[in-house]
Amino acid sequence: MRLLVTGGAGFIGSNFVHQTVRERPDVDVTVLDALTYAGDRASLAPVAEEVTLVEGDVADAETVDRLVADADVVVHFAAESHNDNSLSNPWPFVRTNVVGTYTLLEAVRRHEKRYHHISTDEVYGDLELDDPAKFTPETPYNPSSPYSSTKAASDLLVRAWVRSFGVQATISNCSNNYGPYQHVEKFIPRQITNVVDGIRPKLYGTGENVRDWIHVEDHNTAVWAIVERGRIGETYLIGADGEVDNKTVVELILELMGQSPDAYDHVNDRPGHDMRYAIDATKLRDELGWTPRYGSFRDGLAATIEWYRANEAWWRPQKDATEAKYAQLGR
Ligand code: NAD
Ligand code: TDX
C-alpha cells in the first residue's frame, strides 16, 4: 500500500507514521507537511530512512494533486490544532482546516483514492459535568471555537463529497490525545515541562473541565482499523473511557514528578472554554473489534513524563516562545 499521511510531522501524525513503520512493513509512507511551528522534522528522525517527507501545504492544489495521484490511501491529519491560537488568530485555521481539506477532497475525487479524515470530538460542542450522556455519531454538530468550527466545516465537506461525488471516505472524531511528541503548548506537555523548569503548572479557570484522555497509540490503532475495515461514508468516534478533570490531571503530574499536589496556579480561563467532552465508542468497538492497548491513564501519563524527561532536546527549542505567548494572554 502506498500511503500519503498529511501532517505526519505533527504530534498524532508522527506517532501514526512510527506505528505504521513498526507494525506494517508492507506500507510505503509519504508524509506531506508544511512544517509549521507545530511540525518538526525531528519527530520523524527515528524513521527518516523509511519515510519520504515532502515539505508542502495541503492547500496547494498542484502539490496535493501530484502526491494523491501516487498514493493508494490518504490519511489526513494536517490541521491547525490549538484552540488558544484559534482565538488569537482564526485565519490559518480557516485556510488549513477548511481550504486544505477541500483541496485534498478534490484530488481524491479526481484520482478515485481512498481517503480517511481525522477529526475531533470538539465538533459536538460540550456536555454538562453532571450529564450522563456521551457523544455518539448521531450527536448534532455544535462547535464552540474557531478551531472546532473549522474542523466541523471540514467534516461536513467530507460528508458532502461522499454523497454528491461518491468519494470513498471515512471520518473519525477522537477525544483528547496524550503521549510523546506533543507540542509544549498543549495541556499535559506544558505542565510536565513547566515542572521540569521549576514553573508552577497553570490551570485555566476552576479546573473542573473534563477531557476524555486517550493515548495517541490507541487513537492510531483505531485509525488503522477504520482504514482497513471501516464502512465508506461512515463516522466512527474514537475514545477509551478516559474522562478526568483538569485539576486531577495537574495533581497527578505533580505527584508523579515528586512535587506537592497543590503546587499549581489558577490562571485566566479560556474564552468559550468547553466544559466536558465524553466519547461513546461502541460503534468502533462492536463493528470493528477495536480495543485500546493502554489500560491505565496513570501508567500512560508516567510513561509520557519519562519521555519528556528523556527528550528535552526535542521540546526545549519551543518552550520559551510558547510560554511568552501564554504570558501575554495572562494564561
Ligand atoms: P499538531 O498541531 O501537533 O500537528 C499538525 C501538523 O500539521 C503539523 O506537523 C503541521 O506542520 C501540519 N500542518 C499544519 N498546517 C499545514 C498545512 N497547511 N499543510 C500541511 N501541513 C500542515 O496536531 P495534532 O494534535 O497532531 O492533530 C492532528 C489531527 O488530529 C488534527 O486534524 C486534529 O484536529 C486532530 N485531533 C487532535 C486531537 C488531539 O488531542 N491533539 C484530538 C482529536 C483530533
Ligand atoms: O495551560 C493550560 N491549562 C489548562 O488548564 C492549557 C494549555 C490547557 N488547559 C486546559 C484547557 C482544556 O480544558 O486543559 C484542557 C486541555 O487543553 P488543550 O491541551 O489545549 O486541549 P483542548 O482544547 O481540549 O483540545 C485538544 O483536544 C481536542 C486538542 O488540542 C485538539 O486539537 C483536539 O481536537
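These legends walk you through close-up views of a predicted model.

View 1. Welcome to the shell around ligand 1, which has 28 residues. Among these, I12, D33, S81, Y147 and K151 come nearest to the ligand. By class, the shell divides into 13 nonpolar, twelve polar and three charged residues. Helix 1, strand 5 (114-120) and helix 5 (146-165) each give at least two residues to the shell. Strand 5 makes the largest share, with three residues.

View 2. The side chain of S81 has an N or O atom 2.7 Å from an oxygen atom of ligand 1. At G10 the backbone takes part: one of its N or O atoms lies 2.9 Å from an oxygen atom of the ligand. As for the surface of the ligand, ligand 1 exposes 840 Å² when taken alone, and the protein buries 96% of that.

**View 3. Polar atom pairs at ligand 2.** N83 places a polar side-chain atom 2.9 Å from an oxygen atom of ligand 2. For N176, an N or O atom of the side chain is 2.9 Å from an oxygen atom of the ligand. For Q191, the distance between a side-chain N or O atom and an oxygen atom of ligand 2 is 3.0 Å. Taken alone, ligand 2 exposes 660 Å², of which the protein buries 94%.

**View 4. T170, a buried residue in strand 6.** Strand 6 covers residues 169-174, and T170 sits in it. Is T170 buried or exposed? T170 counts as buried because its relative accessible area is 0%, under the 20% cut-off. Its side chain joins that of R114 in a polar contact of 3.0 Å. Leaving out residues up to four places away in sequence, T170 touches R114, Y115, H116 and H117, as well as I226, G230, R231, I232, G233 and E234.

**View 5. The largest nonpolar core.** This core has 33 residues, and L3, V5, F16, V17, V75 and I238 touch the most other members. At least two residues each come from strand 1 (2-6), helix 1 (11-23), strand 2 (28-33), strand 4 (73-76), helix 7 (216-229), strand 11 (235-238) and helix 9 (282-288). Which helix supplies the largest share of this core? Helix 7 does, with seven residues. Apart from this core lies another, of 24 residues, including V249, I253, M257 and W307.

**View 6. The neighbours of L3.** Let us zoom in on one core member. With residues up to four places away in sequence set aside, L3 touches F16, T20, V27, D28, V29, T30, V73, V75 and W224. Of these contacts, F16 and V75 are, like L3, among the residues that touch the most other members of the largest nonpolar core.

Methods: Residues are numbered from 1 along each chain as its sequence is written. Chains are lettered from A and ligands numbered from 1 in the order in which they are written. This is a predicted model: local features need pLDDT of at least 70, side-chain atom pairs count only at pLDDT 80 or more; totals for chains, interfaces and linings use all residues. Side-chain values use heavy atoms; hydrogens and water are left out. A polar contact is a pair of N or O atoms within 3.5 Å; within protein, one must be able to donate a hydrogen and the other to accept it, and residues adjacent in sequence count only if both atoms are side-chain atoms. Accessible areas come from the Shrake-Rupley method with a 1.4 Å probe; for residues, only the protein chains shown count as cover. Helices (H or I, at least four residues) and strands (E, at least two) are DSSP runs, numbered from the N terminus. Buried means under 20% relative accessible area, exposed over 50%, partly exposed in between (1.4 Å probe, protein chains only). Contact means heavy atoms within 4.5 Å. A nonpolar core is a set of buried Ala, Val, Leu, Ile, Met, Phe, Trp, Tyr and Cys residues joined through side-chain atoms within 4.5 Å. A residue is near a molecule or strand if one of its heavy atoms lies within 4 Å of it. Ala, Val, Leu, Ile, Met, Phe, Trp, Tyr, Cys and Pro count as nonpolar, Asp, Glu, Lys and Arg as charged, and the others, Gly among them, as polar.
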